[in-house]
Amino acid sequence: MQLDVPPLTPEPSGPRAFTDARAAVSQLQWLYDRNTGFLRSHFQSYLDGDIPQRRVRATYPYVRIRNDSHVRVDSRLSYGFVASPGVYETTVTRPDLFEDYLIEQIGLLIANHGQPVEIGESDEPIPLHFAYRRDINIEADLAHRAAMPDTPLRDVFDTPDLGAMDDAIVNGTYHPQPGRPAPLALFRAARIDYSLHRLTHYTGTRPEHFQNFVIFTNYQFYVEAFAKTARRWMADGHDAYDCFVEPGEAITWNARLGKPEQPGGLERLPQMPAYHLVAPDHSGITLINIGVGPSNARTITDHVAVLRPHAWLMLSHCAGLRNTQKLGDYVLAHGYVREDHVLDEELPVWVPIPALAEMQVALEQAVAEVTGLSGYELKRVMRTGTVASVDNRNWELSDQGAIIRRLSQSRAVALDMESAAIAANGFRFRVPYGTLLCVSDKPLHGELKLAGMAGEFYRQRVGQHLDIGLAAIERLRTQERERLHSRKLRSFAETAFQ
């Protein structure tokens with residue numbers, strides 16, 4: 001192979017300026033389809049033994065805007081504009097999946113700055129694996145091939161480079177090289193592609209099914225209750241949702257659409273199975289069973305964040321720390337003590353994770369609606385306060401004197417393992433977040449989560465807790481997104497894309 005010659009690429013397509021967002025996204029789609037198709041075609045030839053004599057490369061399309069003015073724009077929105085003069089750019093993947101999002105973001109840029117956007121081909125290579133929407137081994141049918149070519153794949157094609165897929169923009173540590181454009185979005189294309197593939201792997205469903213309102217839980221009881229509710233709504237012809245999607249791409253269509261069920265399913269569930277109540281414009285609800293532990297909470301939110309959801313909630317159980325609490329009481333978190341350590345490097349513990357008014361109001365109103373209580377009476381079943389998170393599931397067996405002192409000093413009213421990581425990554429990724437927990441045990445007061453007690457507790461409370469979460473989502477769905485994506489989550493100098 002000749003390494004000193006330029007790589008084999010698609011026919012160059014020069015940059016084009018657009019003042020219409022839909023036309024700009026159409027050009028992004030054309031470039032993306034052409035370039036990924038180019039890679040797939042040459043990979044098929046490679047598998048057939050036709051080895052190129054030079055590297056094969058295609059790059060992601062980009063969106064770029066030049067702002068020459070300090071004129072103030074309508075900044076009531078927390079996104080949709082660049083803060084100062086300069087050139088701003090981001091690479092783009094899967095324009096089909098992000099079509100509505102891109103049209104909105106690009107349209108705001110054009111309207112706010114009165115400047116066209118430029119669409120062209122970047123210098124960021126598309127890794128071969130990401131030219132396939134699913135597992136490359138499945139789509140390229142590698143399992144049926146007797147042998148791979150002798151020439152290593154990496155000698156011919158670009159493969160994923162984890163060093164180029166960091167979260168420096170998100171973490172505020174990215175500094176463009178001199179003469180390079182400033183970032184226009186929180187994630188570049190390869191980082192998004194990486195997470196899209198991880199989501200399929202972890203959840204057993206494709207990214208196309210994910211909705212803009214996400215519920216995280218770590219109890220199978222909630223999954224079963226959600227699935228039961230979703231199937232009932234589909235059978236009853238619910239007017240807001242079109243279908244219910246389960247791991248393995250099993251689809252139950254809404255009865256009003258008259259479509260047959262699409263069978264699917266998996267031999268065994270994935271690590272963090274996802275279930276989707278699909279609505280037009282991705283405005284439905286996704287529920288993910290994240291399993292146990294703050295590492296899982298961080299992992300899944302690292303990947304869901306690239307979809308730019310409008311909000312995510314944590315519904316789970318907790319240890320009540322006050323003797324006045326009862327099993328089954330709710331805790332609405334308005335602050336977090338983070339001792340789970342999964343985000344200490346990216347988001348130091350001295351960074352406060354504030355309560356978001358829009359989320360808190362929706363959750364409190366949902367509790368009132370479902371329980372039938374309001375005002376002062378609501379305090380009978382719900383406490384608002386600080387939630388502490390730890391990385392030790394058996395914290396009760398540790399040095400209780402030190403733990404109790406820290407919990408008391410923090411004024412925490414509940415303790416769990418995952419919710420602080422969910423909230424902290426929401427803050428980090430600029431995704432509105434909220435937490436509503438249910439007291440399932442009180443170890444400091446001798447009420448341990450034992451088998452018999454837990455079974456009765458779950459039977460009594462899971463359905464109501466899930467109904468509260470769904471009611472809160474309904475309030476968020478009907479709220480102006482401009483209020484939900486507030487400036488509280490934005491730093492001094494933010495990217496223009498939400």
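The model is a predicted one. Helix α8 covers residues 294-304 and packs with helix α11, residues 419-429. A salt bridge between Asp-302 and Arg-428 joins these two helices. Elsewhere, Ala-311 belongs to strand β11.

**Helix α8 and helix α11**

- The axes of α8 and α11 are 9 Å apart and form an angle of about 30°.
- Because the angle is under 35 degrees, α8 counts as roughly parallel to α11.
- The crossing of α8 past α11 is right-handed.
- On the α8 side, the contact is made by Pro-294, Ala-297, Arg-298, Thr-301 and Asp-302.
- Their counterparts in α11 are Ala-421, Ile-422, Asn-425, Arg-428 and Phe-429.
- An α-helix has 3.6 residues a turn, so residues three or four places apart point the same way.

**Burial of helix α8**

- Helix α8 is mostly covered, with nine of its 11 residues buried.
- The buried residues of α8 are Pro-294, Asn-296, Ala-297, Arg-298, Ile-300, Thr-301, Asp-302, His-303 and Val-304.

- Asp-302 and Arg-428 form a salt bridge in which the closest N and O atoms are 3.3 Å apart.
- Asp-302 sits in α8 and Arg-428 in α11, so this pair ties together parts that lie 126 residues apart in sequence.
- Asp-302 has a relative accessibility of 12% and counts as buried.
- Arg-428 is also buried, at a relative accessible area of 3%.

**Other salt bridges**

- The count of salt bridges comes to 27.
- Arg-206 is bridged to Glu-249, with 3.5 Å between the closest N and O atoms.
- Arg-206 lies in the loop between α6 (189-203) and β6 (213-217), while Glu-249 lies in the loop between β7 (243-246) and β8 (250-253), so the pair connects parts 43 residues apart in sequence.
- Arg-206 is partly exposed, at 30% relative accessible area, whereas Glu-249 is buried, at 17%.
- Both Arg-206 and Glu-249 belong to a network of salt bridges that also links Arg-94, Asp-96, Arg-133 and Glu-208.
- Another salt bridge brings together the side chains of Glu-480 and Arg-483, at 3.8 Å from N to O.
- Glu-480 is partly exposed, with a relative accessible area of 45%, and Arg-483 is likewise partly exposed, at 47% relative accessibility.

**Surroundings of Ala-311**

- Ala-311, in strand β11, is buried, with a relative accessibility of 0%.
- Apart from neighbours within four places in sequence, Ala-311 is in contact with Asn-212, Phe-213, Val-214, Met-359, Val-431, Pro-432, Leu-476 and Leu-484.
- Ala-311 and His-485 are 174 residues apart along the chain, and a distance of 8.7 Å separates their C-alpha atoms.

Definitions and conventions: Residues are numbered from 1 along each chain as its sequence is written. This is a predicted model: local features need pLDDT of at least 70, side-chain atom pairs count only at pLDDT 80 or more; totals for chains, interfaces and linings use all residues. Side-chain values use heavy atoms; hydrogens and water are left out. Axes are lines fitted to C-alpha atoms, for helices over the stretch in contact, and angles run from 0 to 180 degrees between N-to-C directions. Helices (H or I, at least four residues) and strands (E, at least two) are DSSP runs, numbered from the N terminus. Angles under 35 degrees count as roughly parallel, over 145 as roughly antiparallel, 65 to 115 as roughly perpendicular and the rest as oblique. A crossing is left-handed if the near helix is turned anticlockwise from the far one by less than a right angle, and right-handed if clockwise. Contact means heavy atoms within 4.5 Å. A salt bridge is a side-chain nitrogen of Lys or Arg within 4 Å of a carboxyl oxygen of Asp or Glu. Buried means under 20% relative accessible area, exposed over 50%, partly exposed in between (1.4 Å probe, protein chains only).
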